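Please examine the sequence and the model shown below before reading on. The paragraphs that follow lead from a single turn to the sheets, and from there to the assembly of the chains.

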Protein chains: 2
Amino acid sequence: MVARAVEAPLVIGVDVGGTKIRVGLIDREGNVLEAREESSPDASQAEFLAALDASVEELLSTGRRVAAIGFGVPSNLERGTGRVLRATNLPLADVDLVARARERFGVPVAIENDGNAATLAEWTLGAGRGSQTMVMLTLGTGVGGGLVLDGKLYRGWAELGHVVVQENGPVCGCGGRGHLEVLAAGTAADRVAGELYGEAGDSHLLLERAHAGEQAAVEAVARLGASLGAAVGSFANMFDPDVTVVGGGFGAAAGELVLSPAREAARREAMPPADEKLRLVAAELGAEAGLVGAGLVAFEALDGRRR
Amino acid sequence: MVARAVEAPLVIGVDVGGTKIRVGLIDREGNVLEAREESSPDASQAEFLAALDASVEELLSTGRRVAAIGFGVPSNLERGTGRVLRATNLPLADVDLVARARERFGVPVAIENDGNAATLAEWTLGAGRGSQTMVMLTLGTGVGGGLVLDGKLYRGWAELGHVVVQENGPVCGCGGRGHLEVLAAGTAADRVAGELYGEAGDSHLLLERAHAGEQAAVEAVARLGASLGAAVGSFANMFDPDVTVVGGGFGAAAGELVLSPAREAARREAMPPADEKLRLVAAELGAEAGLVGAGLVAFEALDGRRR
């Protein structure tokens, strides 16, 4: 057995989610050597920041040397500085996590939108390996996403879940109408399940029934997939991607029940020759993508490739 | 009066459209010193190419020294080579206009999608001056467009007219459904005018009536504007642009009749803080944008900044 070089740098990735904070010790190949997870406190910003610090410190207390820290945050970030402007579903607004962590822990620190971080992970280590242009969509409760354009991660907003798919359609959590997020992810599945099964219905039951082959459930999930496919077709016409990757908890659980009708719809909407070459595939890193992506962001900071 | 330096380089821009070919002698500041226009021949590819050559040669026959040639073409171009893969509404497929022109005329030659060329012009010299991120939409018979991302023209497809705005909506010329192009430009205006005025109705009559204040016409144009705005909101959520510029013949003719309702819809769909900062403005170069853009593409070739 070959011994691992002791000095190979390790970093901490911090995946800040609306329901939980995941912190992991990650190597350059994206392996998660150790991870902790705790519920995101439903609290003030000060308490939330204290919980974040405590998560990192707990991992540091194992005694491993940590070379850098990377954050993935569901937030709009200020260009250039990485300052958190406003996070959805989190008590974070107008706060510089990078400067705070740099000062507190004395290592290079970087931050990225969580969708972009997951995209970086799937592109580098997952289903998007080797692609020059890639669209990533994470279907969870909502829809996140990211873009790789011409061989580079697009660092802008890329709120791909908030493109209009049905003008004047159902109201989205953001206040818009008919956005992809409200049509094709967990929220939509919960709504549809409620219609089919009453109060007991939720997205888990819907997928369970659909996987079991219940016709009404299969068709309902296929309708979500068709809306997803309309957006995938739009993105194909904008970027002509080598591959479109679908991840996220709901995306992973639904699998081909969503991907197959999405593929059909996307091929109809995509213009030639993007229609024939269209590749719509499942993410490979699953729930780990966000954490691994945060780790890769830390390595970018370590290598001086970004703020 | 200061004499113009005789040796300031001039280029030829070739704006290849579905209905006409425009060719112009253009200086580095984007001034069109001389221009010719002729109908696009509805002919074979060989005849079309001969007409293109003749247009350039006619301008060359004026005796001015030409340092480079740039093409703007309504076509998907092969990445890297610039080969025309397939043009919409034109008898051009699988042909390398750059290599042909370089061989024939012995100067640097470059090519760009016509939407990207117009975007380059508005960004450099028009309504997008000074912006780092810009979305451009040209409303003509169809809808073209382009993107400037983080201070660079995006060289990909950017078929912004073919994003889905109404899932399963009206059939688009490309075969898709409910695309922006079929909802918010000349084709849509013709359709609506037909409903309002019968056979005599077309987009010109519709805009004439709307400009004259006829309520039904104003509302019909506003509905096109609302669909435009839904897409503008989608792009705002994807790119958080400094400015969104609307050009094209129909866009220029409609002006605020379309832009005002579009602005309202876009602000509803855009997430904070993109909603408040949203700027949706008319193009400044009008019908010249495509030709000037082709000239700027020629200067890029001259300066060795691209293929």
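How many residues lie between β2(B) and β3(B) in their hairpin, and which residue in the turn has a positive phi? The coordinates come from a predicted model, and in that model five residues separate β2(B) from β3(B). The residue in question is B:G30, whose phi is about 85 degrees. One of the paired positions is B:I26, whose bridge partner in β3(B) is B:V32.

Strand β2 (residues 20–26) of chain B also takes part in a second hairpin, with β1(B), and here three residues lie between the strands. Six bridges link β2(B) to strand β1 (residues 11–16) of chain B, again in the antiparallel sense. Within this pairing, B:G13 has B:G24 of β2(B) as its bridge partner. Strand β2(B) is mostly covered, since six of its seven residues are buried.

In chain A, the corresponding strand numbers can be followed into a sheet. Five strands form an open sheet in the order β3-β2-β1-β4-β8 (chain A), and their pairing is mixed. At its edges stand β3 (32–39) and β8 (109–113) of chain A, each of which pairs on one side only. Neighbouring strands of this sheet are turned against each other by 15 degrees on average, direction ignored. A parallel element of the sheet is the pairing of strand β1 (residues 11–16) of chain A with strand β4 (residues 69–73) of chain A, through four bridges. There A:V14 has A:F71 in β4(A) as its bridge partner. Helix α2 (residues 97–105) of chain A packs on the sheet, where it touches β4 and β8 of chain A and makes an angle of about 155 degrees with the direction of β8(A). Helix α3 (residues 114–125) of chain A lies across β1, β4 and β8 of chain A, at about 100 degrees to β8(A).

A further sheet can be traced in chain B. Its five strands are arranged in the order β11-β10-β9-β12-β13 (chain B), as an open sheet with mixed pairing. Both β11 (152–153) and β13 (280–282) of chain B are edge strands with a single partner strand, so one side of each has no neighbour in the sheet. Strand β10 (residues 143–149) of chain B runs antiparallel to β11(B) and is joined to it by two bridges. In this pairing B:V148 stands opposite B:L153. Helix α3 (residues 114–125) of chain B lies across β9 (134–139), β10, β11 and β12 (243–247) of chain B, and runs at about 55 degrees to β10(B).

The view may now be widened to the whole chain. Chain A contains 11 helices and 13 strands, and 55% of its 307 residues count as buried. The largest nonpolar core has 210 residues, of which A:V221, A:A298, B:V221 and B:A298 touch the most other members. Among the contacts of A:A298 beyond its neighbours within four places in sequence are A:V11, A:I12 and A:G13.

Finally, chain A is superposed on chain B by a rotation of 180 degrees with 0.0 Å of shift along the axis, at an RMSD of 0.0 Å. This is the relation of a two-fold axis. Of the interface residues of chain A, 100% are also interface residues in chain B, so the copies meet through the same surface.

Notes:
Residues are numbered from 1 along each chain as its sequence is written. Chains are lettered from A and ligands numbered from 1 in the order in which they are written. This is a predicted model: local features need pLDDT of at least 70, side-chain atom pairs count only at pLDDT 80 or more; totals for chains, interfaces and linings use all residues. Copies are superposed by least squares on the C-alpha atoms of residues with pLDDT of at least 70 in both. Two residues are in contact if their C-beta atoms, placed from the backbone, lie within 7 Å. Two strands pair if DSSP finds at least two bridges between them. Axes are lines fitted to C-alpha atoms, for helices over the stretch in contact, and angles run from 0 to 180 degrees between N-to-C directions. A residue is buried if 20 or more other C-beta atoms lie within 10 Å of its own, exposed if 12 or fewer, and partly exposed in between; C-beta atoms are placed from the backbone. A nonpolar core is a set of buried Ala, Val, Leu, Ile, Met, Phe, Trp, Tyr and Cys residues joined through C-beta atoms within 7 Å.
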